Amino acid sequence: MEEKTTIGPSDSLASEAGKNSEVVVVPASGPEREAIVKRLKLKLDLRLVPYLALLYLFNALDRGNIGNARLAGLEAGTKLSGNDFYNALSFFYFGYTISQIPNMFILKRVTPSVLVGVTMILWGICSTSMAAAKSYSGLVAARFFMGVFEAGVGPAAPIILSFFYLRHELAWRAALFYGSSTFAGAFGGLIAYGVATNLAHEKLAAWQLLFIIEGIPTIALGFITIFVLPNSPESLERWFVTPEEKQVAIERSRSGHNADSSLIDKRQLWAALKDYKNIFTCLIYIGLNIPLASFTSFLPTIVKLMGYTEATAQLMTVPPYACAIVCVFAMCWNSDRTQRRGYHVAASATLACLGYILLISSSNIKANYTGACFVAMGLYPIVPLMLSWVANNNVGHTKRAISIAMLNTFGQCFATVGTQIYKNKTAPRFFMGYGVCLAFTVVMIVFSLALSFVLNRENNRRDAEHGAPKVLSPEEQQAAIDGGIYDDHPSFRYFI
């Protein structure tokens, strides 16, 4: 008998589905069904996606506030010297990296609301506790464990969204979710500016107030999440949908390659590890995370060294993120419209390339600041594009979850490089840092176009051999998954 592992929807999720198993009959097609789908998507777009975006906003805010805290006196307050600040940044990514795949397995054992809510509470505690750090060791410990717990939200989001949206609807919603990290960059600068100019405390320094102000709301939101985040289409009552809308959500989820059962054998895990597509996507994500990690942590310092005062530098970090927000939404909307991912990744990386070229080639403050805006506009759209691309092209809960975990594991592992390339001795031009980032944006362009070419060729081959793809029923999808076919099925076509 073949060995099987519980890696599909969790036992608690299956129990929840069982309690809500009453089936409501809805039309299979026609204007009435279209109206139900439209109402359902509107409710999800106005409730579920903004709530997930709020969670990720606090995720990104707590992760990146150390860059603003540095300008507010963190290094003096914790007695950092030499490479201590850079090492503290790296330890976050060490924790984040080792937690990726374990969190994907935990996500299949417990409900998403429990995993996301509990990890939020724990990383909020770590973030707030950094205000009490008096030394390098205390700061590093808090950053490491914050990385461990933050890995519970970001990688889980594409899995959660894929339960509620079809493949061609995913990138735009992922953009709304991950785009909140750009809002976090903007809000982080505004909060830091407000703390630096308007708040004073007899016993707490500005950098300590910053950690407390941004950490405590995360803890509160974590408790709320445990009770309100829907775990599957079967539990959508939490978001006040009608029985008809709930039934359509269940049917859409099953038709979107979410039909595999709760007991999944280990073949999906090995299929994910051996899939050549995942090698390409991991290389692209490595190319992204090195410049992205450095940009988030060092933008306040880079802007200050352009000649601005510390308080003004905090405020001047906002416009690059504002530009990035527009680009994230535009790129991902068009990616869903055209059902093309790789070309949009390459286009975004090209924008980042232009930004780094401006930063390297000119010492003019206006040119440098424009370059920083181009870098933000280029890097941030790639996060939702890549995670949607991986979710789109992997069939089976386990294969999809492991593929996303691999993407994040390799990407965040190399993000530690990004925390070490902006050394004080290379200021204010930072040729080494900009040069490394420029090289890795070129890596993204090359491998995203190469993967698009390979996937397009495979789609054309399947069209020539098998004709136009047919829509598989949930039963046919399950049979393909049980047979170990996954996304190699003749009727499956890749997003390119």
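Helices here are DSSP runs of H or I with at least four residues, and strands are runs of E with at least two, numbered from the N terminus. Contact means heavy atoms within 4.5 Å. The model I am showing is predicted: local features need pLDDT of at least 70, side-chain atom pairs count only at pLDDT 80 or more, and totals for chains, interfaces and linings use all residues. Residues are numbered from 1 along each chain as its sequence is written, and side-chain values use heavy atoms, with hydrogens and water left out.

I start with helix 11, residues 206–228.

Which residues of helix 11 are buried? Buried means under 20% relative accessible area, exposed means over 50%, and partly exposed is in between, with a 1.4 Å probe and protein chains only. The buried ones are Trp207, Gln208, Leu209, Leu210, Phe211, Glu214, Gly215, Thr218, Ile219, Leu221, Gly222 and Thr225. Their cover includes helix 2 (31–71), helix 3 (74–77), helix 6 (112–129) and helix 10.

Helix 10 brings me to a helix pair. Two packed helices are described by the angle between their axes and the distance between the axes. Axes are lines fitted to C-alpha atoms, for helices over the stretch in contact, and angles run from 0 to 180 degrees between N-to-C directions. Helix 10 (residues 180–198) packs with helix 16 (residues 318–338) at about 165°, and the axes are 8 Å apart. The two are therefore roughly antiparallel (an angle over 145 degrees). From helix 10, the contact uses Thr182, Phe183, Gly185, Ala186, Gly189 and Leu190. From helix 16, it uses Val318, Tyr321, Ala324, Ile325, Val328 and Phe329. By class, that contact has nine nonpolar, three polar and no charged residues. Here Ala, Val, Leu, Ile, Met, Phe, Trp, Tyr, Cys and Pro count as nonpolar, Asp, Glu, Lys and Arg as charged, and the others, Gly among them, as polar.

Now some loops. Gln339 sits in the loop between helix 16 and helix 17 (342–361). Its phi is positive, about 55°, although Gln339 is not a glycine. Gln339 is partly exposed, at 34% relative accessible area.

The loop between helix 20 (397–418) and helix 21 (431–466) holds Pro428. A cis peptide bond joins Ala427 to Pro428, with omega about 0°. Phe430 is found in the loop between helix 20 and helix 21 too. Phe430 has a positive phi, near 50°, and is a residue other than glycine. Is Phe430 buried or exposed? At 3% relative accessibility, Phe430 counts as buried.

Thr409 lies in helix 20 and counts as buried at 17% relative accessibility. Leaving aside neighbours within four places in sequence, Thr409 is in contact with Thr97, Gln100 and Ile101. Asn459 lies in helix 21 and counts as buried at 9%. With neighbours within four places in sequence left aside, Asn459 is in contact with Arg493, Tyr494 and Ile496.

Last, Pro31, which is in helix 2. Pro31 is exposed, with a relative accessible area of 69%. Between Pro31 and Thr309 there are 60 Å in space, C-alpha to C-alpha, and the two are 278 residues apart in sequence.

Terms used
Parallel < 35°, antiparallel > 145°, perpendicular 65-115°, else oblique. Expected span 1.5 Å × (residues − 1).
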